[in-house]
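Welcome to a short tour of a protein structure. Please keep the sequence and the 3D view open while you read.

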Amino acid sequence: MGRPRVRDDIALRAGYHSPQVDVAIRLNTNEAPESPPAGFEQRVVEAVTSLDWNRYPERRAMPLRTAIADRYGRAADEVFVANGSNEVLQTLMLTFGGPGRTAAVFEPTYALHSHISRTTSTSVVEGRRTDDLRLDLDEVQRVVETAGPDVIFLCSPNNPSGLLDPPDTVERVLEMIADTDALLVVDEAYGQFAPTSAVPLIDDDLPLVVSRTFSKTWSLAALRLGYLLAPAWIVDELFGVVLPYHLDALKQAAGVAALGFGDEMDRRVATVVEERGRLIARLADLPVTTWDSEASFFLFRADAVDGDELWKRLVDRSVLVRNCATWPGLDGCLRVTIGTREENDAFLAALVDALDQPTG
Ligand SMILES: Cc1ncc(COP(=O)(O)O)c(C=O)c1O
C-alpha cells in the first residue's frame with residue numbers, strides 16, 4: 001500500500017524547535033521564571049469541580065474575552081482568543097493569507113511568522129533589518145511597493161533581538177498601506193515588558209491587529225493561551241474560520257482565574273525588567289556585545305569566542321540558552337531568557353567562566 005503523500009509545499013519544511021537538553025538552568029525558550037501564584041491553582045481546582053464537563057465550552061469564550069478586554073479598557077468583541085498566540089496567528093493567516101496572497105516579514109524575526117504563512121499556503125516576502133537588527137522603514141516602504149503584501153508582520157519587542165520599534169513605527173507603516181488592502185499584524189508577545197504598545201492605536205477604521213500571550217507574563221506557557229486585540233469586524237471573521245469550540249472550558253476558566261492576579265503579575269514583570277537591566281549592565285563589563293532589550297530575554301555575542309563554541313561551553317556548565325549563532329543575520333549570537341535571580345547568577349557565573357577559557 002502506498003504512503004499518503006504530504007502536501008508538496010510543506011513536505012521538506014523543518015518544524016520550529018528549541019533543542020531540549022538536560023541541564024540545571026534552562027533559559028532558552030523565554031518562559032516566565034516562576035510558577036503562577038499559589039492562589040491561581042486553587043481557583044483552577046474550583047473551576048475543575050464546577051465545570052459542566054459533558055457540555056461543549058462557551059463557544060465564543062465571552063467571560064474570558066471580557067476579562068482580557070477589561071485589562072485594556074476595550075470591548076470584549078475586540079478580543080479574539082486561541083490556543084497560544086501561535087494559533088491566533090495561524091487563524092489570522094487562514095483568514096487573511098492563503099493561496100495567491102503574500103505576507104511580508106522583516107528578518108531576523110520570530111520564525112513562526114514565515115512558517116505559519118507558508119503552512120497556510122501564503123507566499124512570504126522577506127525584507128531585511130539593518131545590520132544592528134533594527135526595523136528600517138525605507139525597507140518596509142520598498143517591500144510594500146514592490147511586493148504589495150496582503151499581511152505585514154511586525155514584532156515589537158522583536159524576537160530574537162529584544163529591540164522595541166520606535167513609538168511612531170506602527171503609525172508610519174499604517175500610512176504606507178493606507179491605499180492598499182493590507183493588514184498590519186503587530187506581535188507583542190513580549191509587550192508587557194516594554195514601555196510602549198500599539199494597542200491604543202486599534203481602531204475600527206484601521207487595518208491593525210495586536211497579538212499577545214499568556215505564555216510569558218502570566219507564567220502560563222503550559223496552558224497554551226494567546227489573544228489578539230483588533231477591530232470587532234476582524235475578530236468576527238476569525239471566529240468564522242477557527243474550529244468550533246476550539247478553546248476548551250478549563251482553559252477559558254484558567255485564563256479568567258489568571259487575570260484575577262493582575263497586580264501580582266505586574267510585580268513579576270517589574271522584577272524581570274529589573275533583572276534584565278542588572279544582567280545587561282553586568283555583561284557590559286565582559287568581552288561581549290549585547291542588544292538593548294525591552295523583552296524578557298536579550299541577545300548577545302562574544303567578541304572573541306565562536307557562538308557555537310560558547311553555547312557548548314555554557315551547556316557544559318549546565319546552562320542552556322538559545323543558540324542563534326548560525327541563523328541568517330545573527331552570526332555568533334546567543335539569546336538568553338531572564339530567569340530567577342539565582343538562575344541569572346548561575347548564567348553570569350557560567351558565562352564569565354566560559355569566556356575565560358582559552359579557545360581550544
Ligand atoms: C514573538 C513571539 N510571538 C509568539 C510566540 C508564541 O507564543 P505562544 O506561546 O502564545 O504561542 C512567541 C513564543 O516564543 C514569540 O516569541
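This report walks through the ligand surroundings, some helices and a few loop residues.

## About the model

Before we start, please remember that this is a predicted model.

## Around the ligand

Let us begin with the ligand. There are 13 residues around the ligand, and those that come nearest are Gly84, Ser85, Ala189, Thr213 and Ser215. By kind, the residues of this shell divide into four nonpolar, eight polar and one charged.

## Two helices that pack together

Two packed helices are described by the angle between their axes and the distance between the axes. Here, helix α1 (residues 38-50) packs with helix α8 (residues 249-259) at an angle of about 145 degrees, and their axes are 9 Å apart. The crossing of α1 past α8 is right-handed.

Which residues make the contact? From α1 come Phe40, Arg43, Val44, Ala47 and Val48, while α8 gives Leu250, Ala253, Ala254, Ala257 and Ala258. The residues of this contact of α1 with α8 divide into nine nonpolar, no polar and one charged.

## Helix α10 and its buried face

Next, look at helix α10 (residues 307-316), where Gly307, Leu310, Trp311, Arg313 and Leu314 are buried. Why do the buried residues of α10 line one face of the helix? Seen down the axis of α10, these buried residues fall within an arc of 160 degrees, so they line one face.

The buried residues of α10 pack against the strands β10 (297-302), β11 (319-323) and β12 (333-337), and against helix α11 (341-356). After α10 comes Ser318, with a positive phi near 65 degrees.

Helix α4 spans residues 111-119, and its buried residues are Leu112, His113, Ser114, His115, Ile116 and Ser117. Which elements are among those that cover the buried residues of α4? They include α3 (85-96), β3 (102-107), β4 (123-128) and β5 (151-155).

In the loop between α4 and β4 you will find Ser121. Ser121 is not a glycine, yet it has a positive phi of about 60 degrees. Is Ser121 exposed, partly exposed or buried? Ser121 has 16 other C-beta atoms within 10 Å, so it is partly exposed.

Most residues other than glycine have a negative phi, and most peptide bonds are trans. With that in mind, look at Tyr245, which has a positive phi of about 55 degrees although it is not a glycine. Tyr245 sits in the loop between α7 (232-241) and α8. Because 13 other C-beta atoms lie within 10 Å of Tyr245, this residue is partly exposed.

Where are the cis peptide bonds to look at? The bond from Glu107 to Pro108 is cis, with omega near -5 degrees, and Pro108 is found in the loop between β3 and α4. Another cis peptide bond joins Ser156 and Pro157, with omega about -5 degrees. Pro157 has its place in the loop between β5 and α6 (169-176).

Our next stop is Ala32, in the loop between β1 (25-27) and α1. A residue counts as buried if 20 or more other C-beta atoms lie within 10 Å of its own. Ala32 has 23 C-beta neighbours inside 10 Å, so it counts as buried. Leaving out residues up to four places away in sequence, Ala32 touches Lys216, Thr217, Ser219 and Arg268. Ala32 and Val272 are 240 residues apart along the chain, and their C-alpha atoms are separated by 8.7 Å.

Pro167 lies in the loop between β5 and α6. With 12 other C-beta atoms within 10 Å, Pro167 is exposed. From C-alpha to C-alpha, Pro167 and Thr289 are 25 Å apart in space, and they are 122 residues apart in sequence.

Finally, visit Thr340, in the loop between β12 and α11. Thr340 is partly exposed, because 15 other C-beta atoms lie within 10 Å. Apart from neighbours within four places in sequence, Thr340 is in contact with Pro33 and Glu34. Thr340 and Ala258 are 82 residues apart in sequence, and 20 Å apart in space from C-alpha to C-alpha.

Key. Residues numbered from 1 in each chain as written. Predicted model: local features only at pLDDT ≥ 70, side-chain atom pairs only at ≥ 80, totals over all residues. Near = placed C-beta within 6 Å. Nonpolar A, V, L, I, M, F, W, Y, C, P; charged D, E, K, R; others polar. Axes fitted to C-alpha atoms, helices over the stretch in contact; angles between N-to-C directions. Helix = DSSP H or I, 4+ residues; strand = E, 2+ residues; numbered from the N terminus. Left-handed = near helix turned anticlockwise from the far one by under 90°. Contact = placed C-beta atoms within 7 Å. Arc of directions from axis to C-beta.
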